[in-house]
Every structure is written in C-alpha cells, then in structure tokens.
Amino acid sequence: MRIILTYTFIFSILTIFGQYPKFEIGGLSRALADNSFLDEMDTVNNDVKQDFNLVFDLAINGELNEFINFYSELRLGNSLEVFDTSSSYINLRRILIYGKLSKNTSFEIGDIDLKMTPFTLWNSQEEGIVNENRLENNFREIQRYENFNNGNFWRRQGLVIKGNKSVFKDDTISFKIFGTRELASNEISTPDVFLYGSEIKYQSNIISLGLNHIDLFSNYKGINYDTNLNNHVFSTNFNLNFKKIKLHSEFGFSSLTNTMNNFDSKWINGEFLNVGFNFDISDNLSFSTSFRSVSEDFSSPGSQSKRINYSLAPSMFAQTNNNTISRDISLSDIIYGVDFMRSNSIYNRTIDYGLDNFNPIFGVIEPYGLATPNRRGVSSDLTFSDSLKIIMVNANFSFLTDLVGEGINTKRNYSNYSIAFDFSLNKLLGFDKQFVLNGGYSNSSSKRDHPIDLNVQNVNLKCNIINLGLELEILKNLSVLSSYKRLFSNGLDYLPIRSNDFTIESYNAFQCDLVHEINSLGLAYDFNKKSSVLINYQILNFSDKILDNSFSINQFFVLVQIKF
Amino acid sequence: MVKTFNFITVIFIFLLLISCGKVDYIGPPIEAQFGELIILEPFSSDKPVGVDFSLNDTVRFFSEFSISANYNINISGRNSGANFTISGTGKNLSNVFWAGNSDNIFFKQYEWCDVVLSFDNSDTTLSDSILILGERDFSNLGYLLTSYEDPSEYGLVNSQNTTQLQVLNNSSIAIHGNNFLDISGEGSNTYFGATRISIPLGGISEPNKSNIFFNGFFKSDLNGSAVVVKMFEDENNDGSYDQGIDEAWTYKFTLNSNGVWNKESFNFDNFIVDQTAGNVQIDGNLNVGNIIRLDVVCSQNGNSFGNFGYFVDYLILTYNSSL
C-alpha cells in the first residue's frame with residue numbers, strides 16, 4: 001500500500017511539471033533454482049531447495065524538475081514452486097531523492113551509499129577471497145547485490161549533502177556532510193542511535209588534503225535508562241602525486257565513551273597512522289607498500305563493522321551429522337547462500353558499538369580490515385601483466401605484529417602472503433574462444449612463543465586458501481566452468497574478549513584443525529553480454545578433526561540472469 | 001622534487017619511530033586463564049601456633065605457583081562466623097598479610113579460623129588453620145564510642161514504651177569483649193530508648209565531616225526495627241546542648257531482621273538537621289569540633305504498633321573509611 005501511494009505521489013508530481021519528467025528505466029531479472037542435500041549418512045536433515053525463485057528489479061531514474069531527481073528500485077518476486085500468486089511479493093529495494101541545492105551543492109535523501117576512508121567509514125570485503133573465477137563471482141556478485149554491498153560503501157538511510165568548488169585553476173575543494181539513523185528507539189530501554197559524518201578535501205593534480213570526522217552517538221533523552229554513547233573518529237589524509245610515485249597517508253584518533261551513566265563519561269582514546277606509496281615501475285609492473293600502526297583501543301564502528309554477521313547460524317544445515325553438531329558460517333554460506341525469498345541474512349547491515357564476531361578459520365591478521373586494532377607492520381602489493389594480457393599476476397605480503405602484547409609482554413607476529421594469477425590460454429594458443437585458467441593461494445598465520453615456565457601453549461594458527469578456476473568456451477557462447485576452493489586451517493590462538501569499554505577482560509582459546517572444500521562444475525550459456533544461464537553442480541566437503549566431524553553437502557543450481 | 005621526497009621520507013621515519021608505542025601488555029595475564037597451575041610451594045602461614053592481633057601482630061601467608069594466577073584466600077571463624085577474603089594476582093603470596101580485620105563481624109579471641117586458598121579457573125584448593133590469641137584493637141581507626149564494656153562510656157535512656165534496656169554479659173554472643181546492649185520497646189511510637197554517649201569537645205580529631213563514618217553492629221529479628229543516630233552540637237560552648245540555640249543532627253536507617261549480627265556504617269554527610277521535638281535549624285553547618293553528644297535510638301521504620309528492638313555492640317567513629 002505504501003509503495004502504491006509512493007508511486008501515485010511521484011506521478012502526481014510528474015504531471016505538474018510540464019517539461020519534465022525525463023525517465024530512464026533499467027533493471028535486472030534473476031531466477032534461481034537449487035537443491036542442497038547432505039550425504040547419505042545424515043538421515044535427519046531434510047533437503048533444502050528453491051524451485052525457481054524469480055525476482056525482477058525495476059530501476060527507475062526520473063528527473064522530476066530542474067533540481068530534484070528520483071531513483072527507485074522496485075522488486076517483484078515470485079516462486080514458481082506454486083502455480084499461483086500466493087507467494088508473490090512486491091517491495092521497494094531502494095528509494096532515493098537527489099538533486100541540486102545550488103550550482104555547487106547537491107543532496108541525496110533516502111537510501112544512500114556512504115564511504116569515507118578505511119579508518120573512518122569503510123565496508124571491508126568478506127573473507128576468503130583470493131582470486132575467484134566466473135563461477136564463484138556470479139554468486140558472490142548476487143550476494144553483494146542482494147545485501148546492498150556496493151564496493152566498500154555502506155548502504156544507510158539518511159541524508160547527505162555534497163559540494164565542490166574550484167579555488168585556483170586545476171584544483172577543487174569539496175565537502176560532504178551526512179547523517180543517518182542507525183537504530184530506532186523502543187522508547188523504554190533502547191535509545192535512538194545516529195551516525196554523523198563530515199569530510200572536507202582539497203585536491204589538485206599534485207596534492208590532496210582531507211579532514212574527516214565521524215560520530216556514532218545515541219540520543220538517550222526520553223528513555224528510562226541513562227545510555228550515553230559516543231564514538232568519534234577524526235582523521236586527516238594527505239596525498240602527494242608525483243609522476244610515477246603516489247604517496248598517501250592518513251592518521252587520526254578515536255574517542256569512545258560507552259558508559260551507561262551520563263555523568264560518568266570515561267573517554268577511551270585510540271590512534272592510528274597509515275603511510276605508503278604506489279610506484280608504477282612500468283606500464284606492466286606496479287608496486288605499492290604501506291606501513292600502519294593502529295593502537296589497541298582504536299574504535300571505529302564505521303570501518304570495523306563486519307560485512308558478515310558471524311554470530312548467526314548458517315541458514316542451511318546449521319546442524320549436521322543428524323542434528324548433533326552445530327557448524328559456523330563458512331565459505332560456501334558466504335558465496336552460495338543465495339535465497340531471494342528469505343528476509344534474514346548472514347550479511348550484516350548494521351553499524352553498532354563494539355567489535356563484531358569473526359571466524360578465526362579465515363585468519364586473524366586483520367579481521368577488521370586496515371582498522372583492526374592493535375596491529376603494526378608493513379603490507380606490500382606487486383602487480384604484473386604482460387603487454388598482451390596473457391598473464392596477470394598479483395602478489396601481496398603483510399607482516400604485522402601486535403602493537404602491544406595481549407596478556408603477555410611478547411607480541412604476536414602475523415604474516416600473510418598471497419599470490420593470484422589469470423592465465424589467458426586462448427591468447428597464448430591463438431584460440432578465438434575463451435580459455436582462461438586462474439588461481440590463487442593465500443597463507444595467513446599468527447605466532448607467539450611463550451616462555452616454558454609460563455605453562456601456556458604457544459600461539460600458532462595457520463590459515464591457507466587455494467583457489468583454482470577454469471573457463472573453457474566449447475561452443476559459441478557456451479562455456480564449461482570449473483572451480484576448486486580449499487580452506488585448511490589449524491592451530492591455536494587466544495582471542496581477546498572485549499567489554500563494553502573496549503578493554504580486554506578475558507580470552508577465548510580458539511583451536512581448529514579443519515578443511516573446507518568446494519568442488520564446482522558448471523555450464524554457462526551467454527545469450528548476450530547481459531543475459532546468461534548457468535547450470536552448476538558442486539560438492540562441499542567439511543572435515544573437522546577437533547570436533548571429529550566430517551560431512552558433505554551436494555548442491556545443484558540453475559541460475560538465469562537478464563540485465564537491461 | 002628530490003628535496004620533497006626526502007622531506008616526506010624523514011617525516012615517515014619520524015612517525016614510524018614515535019607512533020603509538022606501548023611497553024606493557026593489555027588484558028589479564030594469559031597464564032591466569034590458560035596456564036597449567038602447579039603448586040610449587042605448599043600453602044602455609046608464619047603463625048602456626050596462633051596470632052595475637054591485640055599486639056598489632058599480623059599473619060603472613062606463603063605459597064608459590066607455576067603461573068600468575070588470580071587467587072582468593074578465604075578466612076572464616078569457626079565460632080564467630082566472621083569472614084575475610086583476600087584476593088590478588090601473582091605467582092606467589094609475597095606481601096599478602098592479614099591484620100585481623102573482617103568483612104562483617106569480628107573474629108573472636110581463642111577462635112580457630114579455617115583458611116582456604118583457591119584460584120579462578122581452577123579446582124585446586126589448599127587449606128590451613130590459624131588460632132587467634134588476641135582480637136585486633138580497632139579503636140585506633142578513629143574514636144571508639146562504646147563497646148558496652150565500660151559503663152562510664154555510655155548512659156542508657158528509656159521511655160514509657162521501653163520493654164527491655166539492659167547490658168547483657170555473654171562473650172559468645174557479644175561482637176567484642178563480653179558485653180552488649182539488649183534494647184527493645186512496644187507500641188506505635190518511634191522512640192523506645194537510647195544509648196547516650198558524651199563526647200568531649202574536640203574529642204573527634206578528624207575536622208572534615210566527609211571523612212568520618214559511624215559504625216556499629218546490630219542484631220535484630222523484629223521486623224521494622226530501625227536505628228536513629230542523633231548528634232548534638234554545643235555551638236555556644238556552654239557545655240550542654242540547648243534547644244533553640246544549638247543544633248541537632250539525625251540519620252535513620254532500617255535494620256536487617258535476619259537474626260544475625262550486621263555491621264552498619266554511614267558517612268557523616270548523611271546527617272540532616274533535626275527539626276523535631278523542639279529542635280531547630282541554627283546555621284545548617286555541622287561543625288565536628290562542636291559535637292558533645294551522640295544518641296543511638298531504638299526506633300521503628302514507620303508508626304505501626306508492634307515490638308521493635310535489637311542487640312547492639314561496638315559503636316565506633318572511623319576516619320577516612322568505614323570499618
């Protein structure tokens with residue numbers, strides 16, 4: 001009803017402004033059928049299936065008048081499982097009013113996408129990605145689309161005002177101010193929570209300088225409990241652009257109060273520093289490196305909130321082995337857990353106080369991205385591609401330590417190295433059809449040796465991810481796709497458990513010795529560049545020596561996609 | 001160009017050196033939660049034949065562990081039921097002393113105490129026992145009002161509703177020494193008698209009222225029983241409290257009727273000007289140096305008809321902290 005009223009309102013406006021509206025219509029349609037079942041050893045869990053859940057997203061971009069534009073995404077959904085409209089639904093995926101306040105100032109109100117810097121407001125990507133091929137990318141792209149993860153932007157509801165103006169000939173000074181409501185009060189015990197941010201940036205061809213501020217705060221007036229929460233992050237970033245070298249830096253601090261008493265505002269302050277450079281050695285080779293130091297009490301909900309909510313159970317087969325053993329969210333859930341009909345998701349859409357849970361099987365070097373507290377060290381990246389683009393290689397290295405020891409003076413040493421390649425065999429062999437081999441490997445570890453007289457086991461946690469993919473076009477527009485993904489993780493680490501005031505109050509001894517595998521084989525037919533059908537069968541193998549648990553899940557997918 | 005690059009490099013190295021350095025570790029010690037606890041030295045004390053706290057003696061404990069552990073030493077008196085707990089973190093018990101103090105009621109003379117050493121996150125417990133040869137003298141913590149041992153320290157005031165007002169002699173019941181007061185009354189009034197204690201001018205050596213605490217031990221099984229502590233100033237220095245000229249102060253608290261001794265303490269800041277029964281506010285300032293009298297009144301928490309009363313012992317004013 002609300003949607004109908006919204007559209008009635010919009011068309012009423014359109015009729016008033018004679019020379020407008022100007023319309024653009026776009027969208028996509030996806031249909032997914034899948035069937036997932038556990039191996040024959042499990043006789044309790046039922047198969048999980050979707051019988052062609054169909055969604056049709058209609059995007060309308062309308063210029064209502066000279067100053068105001070309108071954008072909306074309307075979703076029509078249905079399940080072909082039932083041959084009537086009882087499972088049909090219609091909802092509004094996005095609504096946005098945007099336009100100009102003046103020549104140099106614009107605004108957006110509604111469902112807005114927000115991003116600042118990796119230490120202030122940043123939606124870090126999900127774990128477990130090394131170099132995935134088209135088969136995995138198809139599903140990962142759908143997951144991100146379904147959960148409003150557009151690059152490193154956070155989708156919020158609120159208002160943003162932006163502006164820019166030239167000072168001299170080739171420079172710009174710009175600003176952005178936004179405010180969103182993160183949590184609605186229940187008028188009793190939960191306060192309204194708001195996010196406010198502002199940034200101002202000067203940019204020329206050589207230099208750029210920015211100042212950023214973000215604050216997550218509560219309005220505790222009017223509720224029975226005195227809940228005064230504030231989390232400020234201030235930062236400044238400074239970049240220099242030489243011919244082949246680009247220097248970048250950002251430093252700042254956070255200030256957090258999380259007391260439940262308005263009169264006892266104890267502020268917890270944290271700091272960070274990040275400096276580095278990118279060097280384009282040649283047209284085919286580039287190198288970048290950076291050093292960062294993030295203090296143990298640096299708190300930045302906008303950049304530390306995780307994309308995946310690991311405190312939830314997986315939506316599919318949360319308990320295995322005849323419902324006797326619970327399992328955590330893993331790679332397959334993050335990539336392939338697509339369901340157009342389900343309203344809840346393991347993907348997190350909230351920015352809240354405190355550090356989110358994470359799954360250490362993916363490594364513990366930087367669970368909260370660059371803004372992970374208590375880390376110091378160097379990260380480097382090397383990218384090479386030959387002039388014919390036959391092979392592209394990317395290598396990444398990170399060597400970090402704890403900035404300050406956790407529970408002991410000795411600091412953990414973290415390392416992560418990964419290598420990824422795309423090998424276009426068709427170009428090498430002179431084929432006119434697509435023949436691409438790609439792969440990647442990453443190794444992440446954390447280590448800390450303890451003195452013998454401490455009588456505590458050493459920290460030694462390793463996480464490895466292998467990714468292999470193949471795409472072979474056997475007939476025109478018909479490709480065979482194959483991918484293999486393997487995560488193997490083992491060892492022990494003592495993970496800090498933080499209280500509301502961000503201090504470490506105890507530790508969780510995390511121990512694992514497990515392997516997760518995904519073997520996929522599929523066929524893809526491209527009707528054109530924007531429309532395709534994919535048929536995919538895969539086996540997921542899970543083996544956990546600590547829990548003495550192993551099982552397999554078989555999955556079959558049919559995915560039809562049309563974009564226009 | 002080169003100069004600029006060098007400048008940036010210097011800044012970078014400088015920031016690298018100064019940024020966010022810390023020397024200590026954060027969080028509780030890792031071994032306290034995950035280390036293997038091995039007792040390297042058995043639990044013992046340096047007073048195997050008993051300790052006389054009246055001579056300001058102390059008990060020192062010994063033990064050594066394989067890890068830095070969160071430990072608790074719980075001391076409980078077998079006769080009095082008094083308890084005292086010492087908690088800490090470390091690999092041994094060096095600098096852990098017991099001076100005879102208690103969490104609630106007092107330990108008694110010639111009482112055996114069970115001492116148990118336990119650890120967080122561990123089932124390991126170690127035991128010892130200590131004989132108390134002499135009680136600790138707490139009077140040096142402030143100004144001892146009375147422990148009902150010396151009748152010259154106090155007076156007893158009754159009313160028409162008083163049913164019991166007698167100092168009893170029973171060392172197994174008394175908190176300190178042998179004597180305690182049994183006071184009770186019947187009716188719907190709020191005054192059933194009192195202990196009256198005279199204080200010489202300047203007798204309270206602590207000048208700041210915010211640093212003074214009233215402490216006393218009360219035992220009652222009569223619901224609704226309450227205590228009113230009244231304090232009287234001699235503002236004109238004539239040696240007596242004069243209604244309308246001098247100022248009186250009052251504080252009332254309800255007693256726990258659980259039938260066991262309870263320690264009650266409150267800060268002098270809780271006193272308010274008494275403006276009942278002819279008392280009036282003069283300057284509204286409590287000058288500790290002018291206090292000449294203190295009454296501990298048997299009262300009730302309301303005005304219903306019934307029996308109200310309590311045992312009371314060891315009334316003391318302490319400085320800087322409660323008893």
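In which sense do β13(A) and strand β16 of chain A pair, and over how many bridges? Keep this in mind while moving through the model, which is predicted.

Start with the whole complex. The predictor assigns it an ipTM of 0.81 and a pTM of 0.72.

Next, select β13(A), residues 285-294, together with β16(A), residues 375-385. The two strands pair in the antiparallel sense over 10 bridges. To find one of these pairs, pick Arg292(A), whose bridge partner in β16(A) is Gly377(A).

Asp280(A) has Ser286(A) in β13(A) as its bridge partner. Between β12(A) and β13(A) lie four residues, and the two strands form a hairpin.

Then show both chains and go to the contact. Chain A brings 26 residues to it and chain B brings 21. β22(A) gives the most, with four residues. Sorted by class, this side of chain A has 16 nonpolar, seven polar and three charged residues.

Finally, select chain B. Its domain 1 covers 30-134 and its domain 2 covers 139-319. The C-alpha centres of these two domains of chain B are 35 Å apart.

Colour chain B by pLDDT. The average for chain B is 86, and 93% of its residues score at least 70. Within chain B, strand β6 (residues 111-119) has the highest confidence, at 93, and helix α1 (residues 2-18) the lowest, at a mean of 54. Where pLDDT is low, the predicted coordinates should not be read in detail.

Key:
Residues numbered from 1 in each chain as written. Chains lettered and ligands numbered in written order. Predicted model: local features only at pLDDT ≥ 70, side-chain atom pairs only at ≥ 80, totals over all residues. pLDDT = per-residue confidence, 0-100. Contact = placed C-beta atoms within 7 Å. Nonpolar A, V, L, I, M, F, W, Y, C, P; charged D, E, K, R; others polar. Domains from an automatic or database assignment. Pairing = 2+ DSSP bridges.
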